[in-house]
Amino acid sequence: MLSRLTAAALMPLIFFATACTTVGTVRRPAQFITSKTPEIVWVTTTDNSQVVLLSPRVRADTLGGLAEGVHYVEMPLATVQSMRARQPAPRRTLLLVGGIILVVAELAIDASRGRGPSSSAACINPNNPQTCPNGSP
């Protein structure tokens, strides 16, 4: 039971984990892989074939990694036409944070205003307890 509750509570966090990143084109593949050590990259080669590499590594002028997650492949960096990888998305992050701030502010305003009539409000019709805020005249 506890694991179901934990899973249910953590499900909305999946959105937050992906909201601040996007898959985009990498300008300098060798430098990107060396400095960012991404878990996965999408490579388009000069012959227009596409390869998904897990745990990519650069050694000298060669790009290597696990293709399809099972077998290790290597290719010369000169054959890489383009590469895409998950990267930070500052605009998405700002929109997400702004949205959260607005929702929290709205909830705080609603909470400060209270819900329903106060118990000290006058009774509209003392002969009918249902019209009284606290149920009695």
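A nonpolar core is a set of buried Ala, Val, Leu, Ile, Met, Phe, Trp, Tyr and Cys residues joined through side-chain atoms within 4.5 Å. The legends below refer to a predicted model.

**Figure 1. The largest nonpolar core of the predicted model comprises 14 residues.** The residues with the most contacts inside this core are Val41, Val43, Leu53, Leu63, Met75, Val80 and Met83. Helix H2, strand E2 (40-45), E3, E4 and E6 each supply at least two residues of the core. The greatest contribution comes from E6, with 3 residues. In soluble globular proteins, nonpolar side chains tend to be buried together.

**Figure 2. Surroundings of Met83, one of the core residues with the most contacts.** With neighbours within four places in sequence left aside, Met83 is in contact with Gly24, Thr25 and Val26, and also with Pro29 and Ile33.

Figure 3. Just after H2, Thr37 adopts a positive phi of about 40°.

**Figure 4. Thr22 in strand E1 (residues 21-25).** Thr22 counts as partly exposed because its relative accessibility is 30%, and partly exposed denotes values between the 20% limit for buried and the 50% limit for exposed. Not counting residues up to four places away in sequence, Thr22 touches Ala85, Arg86 and Gln87, together with Ala89 and Arg92. The C-alpha atoms of Thr22 and Pro90 are 9.7 Å apart in space, although the two residues are 68 residues apart in sequence.

**Figure 5. Overview of the protein, with its 3 helices and 6 strands.** Along the sequence, these elements follow the pattern α-β-α-β-β-β-β-β-α. Of the 137 residues, 20% count as buried. Among contacts between residues at least 6 apart in sequence, 46% join residues at least 24 apart. The accessible surface comes to about 10300 Å², and 60% of this area belongs to carbon and sulfur atoms.

Note on methods: Residues are numbered from 1 along each chain as its sequence is written. This is a predicted model: local features need pLDDT of at least 70, side-chain atom pairs count only at pLDDT 80 or more; totals for chains, interfaces and linings use all residues. Side-chain values use heavy atoms; hydrogens and water are left out. Helices (H or I, at least four residues) and strands (E, at least two) are DSSP runs, numbered from the N terminus. Buried means under 20% relative accessible area, exposed over 50%, partly exposed in between (1.4 Å probe, protein chains only). Contact means heavy atoms within 4.5 Å. Accessible areas come from the Shrake-Rupley method with a 1.4 Å probe; for residues, only the protein chains shown count as cover.
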